[in-house]
Amino acid sequence: MTSATREKKRRGGWFKEEFGTPERRLAYYMVLPAIIIIVAIAFFPILYSVLLSVTDSTIIGLGSFVGAENYVEMFANPDFWEGLKNTVIFTVASVALEFIIGLGVALAINRAFRGRGLVRAAVLVPWAFPTVISAVMWRLMFQDEIGIIGETANAIGLVSEPILSDTTLLLIACILVDVWKTMPFMALLLLAGLQTIPGEVYEAARVDGANVTQRFFRITLPLLKGTILVAVLFRTLDAYRVYDLFWVLSSEQLESLSTFVFKSVRISQLLFAQGNAASVFIFVTAFLIALIFIKLFGMQTGTEE
Amino acid sequence: MTERNEGSGVSTGRKLNRREFLKMGGAGLAGAALLGATGCGGGSGGSGDLIFSMGPDDAQGTMAALIKKFNEQSDFNVVHRVMPSDTGTYFDKLRTQLQAGSGGVDVIGGDVIWPAQLAANGWIVDMSDKFPESEQKKFLEGPLQSVTYDGKVWGVPWYTDAGMLYYRADLLEKSGYSEPPKTWDELKEMADKVKQDAGTKYGFVFQGDAYEGGVCNGLEYIWTHGGNAVDPNDPNKVLIDSPEAAAGLATEASMLSSGVAPEGVSVYTEEETDPAFFATPGDAVFARNWPYMYAYGGTKGYLKQDQVGVAPLPVDEGYPLASCLGGWDMLINSQSDMQEEAWEFIKFMTSPEQMKYRAVRATVLPTRSDLLTDPEIEKIPVVAQGRPAIENTHPRPVSPYYSDMSLEMNEQFNACLKGDISPEQAVKTLQADLERIIEAGQ
Amino acid sequence: MASATTTKGATGRSPLNMILFYVFLVTFVLVSMFPLLWVFRMSITIKAELLESPAVTATASPVADNYGTVFGNPDFIQALVNSMIVAGTTTVICLFFGSICAYSIARLRFLFKSPIMTLILAISFFPQVAIIAPLFIQFTAVGIINTYWAMIIPDVVFALPLTIWILVAFFRELPADLEEAAKVDGATTLQAFRKVIVPLAAPGVFTTAILTFIHAWNEFLFANTFIFDAAHYPVTVVIPNFATVYTTDYGAQAAGAVVVTIPLVILVLIFQRRIVSGLTAGAVKG
């Protein structure tokens with residue numbers, strides 16, 4: 001009895017400490033608007049999707065509770081596994097390439113040289129180009145016989161069949177297009193991160209006799225960790241939900257997790273509930289991916305307190 | 001509260017459901033309303049205008065002209081809500097609007113493959129009373145079937161499309177042929193000969209990609225070999241696992257394997273077909289495409305019209321003509337509160353006079369059978385040469401689950417064309433897939 | 001500025017090194033620009049030539065037709081304005097709420113930072129295609145469907161996590177004693193944020209602004225679903241509609257794409273200096 005009251009008191013004290021002081025309250029007030037915007041808009045749709053995934057709902061109305069049935073059916077669906085496989089390959093390959101090339105580009109243009117303004121702008125152009133158009137344009141370029149890439153690849157014997165009719169080649173094409181398209185995002189972000197590393201740090205290291213490689217691994221990478229986490233994490237989450245690139249470039253042939261959701265929820269008349277189950281699957285697995293990243297890179301923000 | 005109305009049915013339960021659905025949406029919004037308060041003005045509609053949902057106008061602007069004409073003589077205004085030009089994107093957008101219970105749209109210009117699904121979801125109005133059998137008889141058989149579902153008529157056929165065979169009249173003549181091929185075997189033979197004589201790059205191009213157009217092409221091969229996907233009189237009966245259907249797909253695959261068609265056709269859509277056939281100097285002897293392509297004739301960079309001929313698609317020896325039905329219907333949103341006005345507008349747009357106007361100006365083919373023999377329309381080359389095709393169209397399976405069927409068919413047809421699976425395998429798989437879809441829907 | 005950005009470049013480079021560097025640079029720029037040059041070629045070509053084979057030998061006959069089509073279409077001009085309004089508003093809202101939130105997380109002391117950061121991120125876990133329909137219902141319920149807000153609100157919601165996470169990363173990099181120094185001079189927490197932190201984190205803030213702006217500028221799914229009339233369509237919805245049911249007007253689409261990319265390039269060029277020059281090495285200690 002007494003211990004319980006003490007416990008209560010202690011908790012009250014903790015609560016008071018966290019929300020009682022004006023300084024702390026201000027901190028929460030500053031966080032609140034953004035949280036409210038996100039929760040107010042996204043909370044209902046996501047929760048509703050979770051609800052749909054455990055019912056036999058159709059596009060025209062809520063059904064009755066069926067437990068895990070949709071999930072069982074989804075895991076039995078070969079299209080789902082095909083989508084998962086492609087998504088994982090795509091995500092790993094494209095994010096890794098984007099990171100390596102992006103970091104290289106960021107390092108290269110983080111210095112004084114003639115025309116760097118133009119180079120920086122040029123780097124960003126692929127990313128600024130409307131996605132709806134670039135996917136169509138790439139499809140044209142990959143076309144057999146009439147597309148410049150398809151034609152060239154054929155001529156030099158790189159491929160023997162139409163690129164767009166082979167799912168492996170299509171997946172590779174999607175990865176390359178994604179690298180072309182989103183590497184600038186990575187480069188720009190990492191460049192901004194590099195900018196925040198004070199020059200003196202390098203100066204001091206050089207005085208201490210550190211060579212280029214040592215400086216890169218001992219200074220640049222550790223100091224860039226926060227930026228790398230953000231850049232790689234967001235690119236991974238985006239790539240993991242890839243949809244429009246696959247849809248347009250492969251003309252609906254190449255399955256990803258999100259195209260599976262799209263087909264189920266927005267085209268099919270029958271797979272509506274299963275599509276929602278797949279959405280929840282994406283949500284949960286993306287959450288795990290994020291946790292792994294945060295553990296791996298350490299989210300300094302949270303551990304400080 | 002919700003178990004009551006599982007499954008299909010255009011019952012009152014559906015409406016109740018949608019209201020609940022909306023309520024939940026509203027409830028989740030307590031916070032968002034805060035943001036929304038700054039939103040300027042509401043959605044469209046409500047102003048007394050009739051909203052007509054349809055893709056972009058044709059190049060000649062005939063749709064806009066007709067709407068203007070209608071508005072001048074009517075006591076309400078019709079506003080064209082421009083939807084995406086791509087049918088798939090259009091359908092997706094429309095479905096989202098209707099799913100949300102939006103009455104923003106009154107009249108829907110819908111692809112011929114939509115009415116069954118829209119009707120089964122209770123989203124469009126049964127027009128059997130307004131559009132009686134005596135009227136229906138004046139329309140072409142294929143388009144009429146596309147709006148017939150569950151024994152009722154859910155729309156009025158607006159304009160039609162049919163798969164056709166385009167051929168190089170000039171090259172055929174040089175090689176000593178006076179007529180286009182009647183059978184698929186003849187087509188292959190002629191393609192090979194002309195290819196040799198004239199040095200043309202390809203024999204035949206068509207749409208083999210895994211998409212809706214690929215389904216049309218595949219079904220045409222099946223129909224012209226005497227097969228079918230489902231029983232036209234009972235869409236729940238799957239007939240695709242038949243020797244005829246397999247023979248059809250075998251012919252399609254042989255186009256590629258024998259080299260009559262380039263390997264690339266397995267990823268061709270209409271977009272790749274028309275330049276391959278029509279752009280000078282003309283890479284192909286034959287092409288399968290819709291009537292729209294004929295309009296390229298004589299424009300800059302394309303072949304001249306007299307170099308090209310149009311004919312119905314070939315068949316397998318002894319079977320009747322068959323083309324895939326394309327085109328658009330006019331439907332009424334069941335949530336619309338302007339039902340009478342909607343019908344007035346549809347009556348106007350589908351009247352012989354307006355159909356003729358669009359046919360003559362923009363080669364938009366009429367769905368009224370007697371218009372095909374109208375002297376002015378008869379002169380249109382596509383109609384003059386391709387009329388048997390227009391008169392012998394088959395609709396794709398009329399089923400609420402057509403979207404699901406289409407996904408399976410385009411995948412199997414494409415795999416078969418590429419030689420990844422045999423025609424027998426393809427039809428067997430499809431038989432099981434389509435039966436599963438129909439069963440799941442019941 | 002020079003001292004911060006040129007440190008590494010200053011380590012005596014041989015002429016050969018410089019040549020190699022520029023070769024790398026030119027190659028890189030060409031590779032990233034090539035597809036766009038191709039689009040430009042499309043924009044001055046008619047379709048018959050565009051898809052002629054073999055592709056490499058096709059000779060483009062420049063035609064102004066495609067640009068004529070694009071600029072002759074009043075919807076396109078309107079769409080450019082709409083895109084500007086939507087992307088601009090989204091960027092401002094995102095940066096405003098995002099930087100306040102990020103500042104608090106990065107530099108103030110309180111519990112629950114990790115859960116809050118993860119909660120903010122959660123919206124990025126969900127496939128957008130799955131929540132379109134519920135969003136549609138919400139927006140209809142509050143009467144903002146078919147208005148700019150129907151694009152701005154989801155754009156903000158989906159861009160905010162990125163904005164906040166980037167800004168947290170940048171705000172954290174700033175030396176710890178900055179605000180203390182400002183507060184000694186009599187500034188409040190908010191003043192310290194506005195007058196000291198934001199200017200110093202300028203490379204991060206401007207980078208975020210550009211990324212957010214482009215994100216909103218390129219958004220298609222929401223705009224295509226929530227907007228019905230041409231008066232509100234952004235460019236991403238208008239450009240694909242240079243087409244009919246069967247044929248795409250590639251030339252006009254390409255011309256449209258070129259036209260809408262140019263403002264972004266100019267934008268980047270303008271903010272160029274801001275992206276790279278914000279934090280000077282001596283800001284605190286010097």
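How many residues has the largest nonpolar core, and which residues have the most contacts inside it?

Author: The model is a predicted one, in which local features need pLDDT of at least 70 and side-chain atom pairs count only at pLDDT 80 or more, while totals for chains, interfaces and linings use all residues. Residues are numbered from 1 along each chain as its sequence is written, and chains are lettered from A in the order in which they are written.

The largest nonpolar core has 318 residues, and B:Phe204, B:Val205 and C:Leu160 are those with the most contacts inside it. Such a core is a set of buried Ala, Val, Leu, Ile, Met, Phe, Trp, Tyr and Cys residues joined through C-beta atoms within 7 Å; a residue is buried if 20 or more other C-beta atoms, placed from the backbone, lie within 10 Å of its own. Helix α8 of chain C, residues 149-173, contributes the most to this core, with 19 residues. Here helices are DSSP runs (H or I, at least four residues), and strands are runs of E of at least two, both numbered from the N terminus.

Beyond its neighbours within four places in sequence, B:Val205 is in contact with several residues of chain B, including B:Ala261, B:Val265, B:Tyr268 and B:Phe277. Contact requires that the C-beta atoms of two residues, placed from the backbone, lie within 7 Å.

Chain C, to which C:Leu160 belongs, has 14 helices and zero strands. Of its 286 residues, 56% are buried. Among chain C contacts between residues at least 6 apart in sequence, 77% join residues at least 24 apart.

Conventions: A residue is buried if 20 or more other C-beta atoms lie within 10 Å of its own, exposed if 12 or fewer, and partly exposed in between; C-beta atoms are placed from the backbone.
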